Every structure is written in C-alpha cells, then in structure tokens.
Amino acid sequence: MVFQKQSISGKDNILFLDEPDLHLHPDLQVRFMNFLVDLVEECEDIKIVLATHSTAILGALHDYNFAHIFFMKTRDADFDFFPISEVYKKLLPVFGAHPLSNLFNEAPIFLVEGDDDERIWQQVVRTSRGKVKLYPCTCGSVQEISNYEGEVKKIVDSIYDEAKVYSLRDRDDGTASISDDPPVVRFKLSCRIAENLLLSDEVLSSLGITFDFLKTSMNDWINSSPNHGHFDCMNNFKNSGYDRKNFDIKEIRNDLMGIIGSNKPWEVAVGQIIGSLEWDQTTDFSKEGSIFNFLSEKLVKNIIPPRNP
C-alpha cells in the first residue's frame, strides 16, 4: 500500500516480491493475491514481479487477464513472460488445488478429450472412494490434447519433482497404442470412443441387461422406427454385426440408454463400473466384451489399483 501511494505517475513503478507466500496458509495466499490485483488495478503505473513456488498463488491468478507468467527451470537465465491463455485458465485451478507437491504426485492431472470423458472420470473418482486419485481436466478435443500436454509439462517440470501427468485419447480409427512423453503418460482406449464402454459386459450387467438381449431389442427398435432421425446410424450398427467395440455409437448413445430402459446418464453408468474395478495377474485383458479389453491393459494398470492379495 505504501508502494502504491508513493508511485510516480507516468512511470513504471516495479515492485519485486520474492516468495511472499512463505508462512502463509494457502487460503491467505489466495486472499493476498486478490489484494495485490486490486492494488494494480487501482494504479495503472504499478507492475509487480513475483517469484513463488506456491501452486495456490498460481491457481489464484488463473482468471486475471493482465497476469503474465514464466515457469523457471534450473539454470534458466532469460525470462520470457507470456499471458495466461485459455489453456492455462483451465489448468491453473487444478494446480491451485495442490498446495503440496506430494498431493499432486498422489492425484495427478488427467487430461481427457471432452466433457463426456470428464464426467466419466469424475464419477470414477467418486465411486472408487479414494482408490482412484485423479484430477480430470477436459481439453475440448483430441486436437487440443497435445497442446495441453506441452503446457502442463512446463508447469510440472518447474514446480514438482518426479510428478506424472496422464492423458487419455479415444482410439478413433487409429491404433490402440501411443508413446509416452515424460512426464506425460499417454493412454488410448482400445475401443473406438468412450461411448463404446457403455456396451461392455460389466456396464450392461449393472443396468440389468446382456448384450445378446440388447441386440434383440435393437432389432425391434430398427423394425419399428424407420423414420427416426438416428435410424441410419442404428441400422449401420446392425450391418456391422453389432461391432460394439469398434463402431462409432456416439450419435445413438442416448437411444441405446432408452432401449436399455435406464434413466441413468451413460457417463455415470460407465464411471461407476470403472471406479469399482480391481485387477490382478489373472485378469484377462483380451476377453471379448470385457471392459478391461475396452479400456486397455496400460490404462487399467496405471490408473486402477490392483486387487489386494
């Protein structure tokens, strides 16, 4: 406040703050940042340059349009500050929820393509009751995931030791494998898209139905709904031999839930099953129709805790 009162109009008045977060509770750190933002906004001649290790401070700045950041690593000599992009506006609050580095290591950020995927994995975390520890973060599309991976690496490398970041893509028309980009551990679903998980044996069983019975019900739907807007997609699904692992069912996912007779959102149904999974050395990841086969062995073994001996 004294610095603000003594600032000289028409000149850059720069205040350097070195780790002001020391000995402050994370909540107070956030309040302190809000206080500094108010000071700067009241006086356009003031600039504040702040060095910190605090993820709470990082998170507090995520929505301040005039903040510029730089993630410093060992032996960096030149600092090139850049504005907080839309990507960082999504990422920084996640880091703000991790005021201690060991918390981040225990519950790493989990980058996913879209909102449906985020809802699935939020349900996984809730259902697992602490066994699955992740912070799902949607990237908007598969094209954006690589961008998010690059940006989150900058943050992780500068403020955490030996931390991991996870990312998950749909398989789409590609292969079911993808190489890691440390510290980013990358996964691809073995099924085409997340919606296909709905048709795994375990999820269907939880909804009180088998896939054979569902196929009969889908045939009845096709015969009785020739004018339905999704008729062609459902009929193409039938013509694929009801290839539940590889056919793109995104357009008909809600129709399928109606045929099944459930009012439960499909993302919740899928997330509840994944959150209750366990595996051991006898688990068959190649079993046709199994959710283990749809998810992929790499994803399960990295995210889902093994069964207690």
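Predicted model: local features only at pLDDT ≥ 70, side-chain atom pairs only at ≥ 80, totals over all residues.
A nonpolar surface patch of about 580 Å² is formed by I14, F16, V49, M72, F79 and F81.

**Overall architecture**

- The protein contains 14 helices and eight strands, and its C-alpha atoms fill a box of roughly 80 × 50 × 30 Å when taken along the principal axes.
- Of the 309 residues in the protein, 46% are buried, while the accessible surface comes to about 16,300 Å², with 49% of that area belonging to carbon and sulfur atoms.
- Among the contacts with a separation of 6 or more, 64% are accounted for by residues 24 or more positions apart.

- When neighbours within four places in sequence are left aside, the contacts of S200 are with R244, G289, S290, I291 and F294.
- Helix α11, covering residues 253–260, has D255, L256, M257, I259 and I260 as its buried residues, and the elements that cover them include α8, α9 (211–224), α10 (231–239) and α12 (266–275).
- Just after α11 comes G261, which takes a positive phi of about 90°.

**Backbone geometry in the loops**

- Most residues other than glycine have a negative phi, and most peptide bonds are trans.
- The peptide bond that joins P182 and P183 is cis, with omega at about 5°, and P183 is found in the loop between β7 (165–169) and β8.
- E19, a residue other than glycine, has a positive phi near 50°; E19 lies in the loop between β1 (13–18) and α2 (26–42), and its relative accessibility of 24% is why it counts as partly exposed.
- R129, also a residue other than glycine, has a positive phi near 55°; its place is in the loop between α6 (115–128) and β6 (135–138), and R129 counts as exposed because its relative accessibility is 79%.

**L134 in the loop between α6 and β6**

- L134 is found in the loop between α6 and β6, the loop in which R129 is also placed, but whereas R129 is exposed at 79% relative accessibility, L134 counts as buried at 8%.
- Apart from its neighbours within four places in sequence, L134 is in contact with A107, P108, F110, W121, V125, Y166 and I303.
- The C-alpha atoms of L134 and Q122 are separated by 8.3 Å, and these two residues are twelve residues apart along the chain.

Conventions: Residues numbered from 1 in each chain as written. Heavy atoms only, no water. Patch = residues over 30% accessible without salt bridge, like charges linked within 9 Å, V, L, I, M, F, W, Y side chains within 5 Å. Areas by Shrake-Rupley, 256 points an atom, 1.4 Å probe, with all protein chains shown as cover. Salt bridge = Lys/Arg side-chain N within 4 Å of Asp/Glu carboxyl O. Helix = DSSP H or I, 4+ residues; strand = E, 2+ residues; numbered from the N terminus. Buried < 20%, exposed > 50% of the residue type's maximum accessible area, 1.4 Å probe, protein only. Contact = heavy atoms within 4.5 Å.
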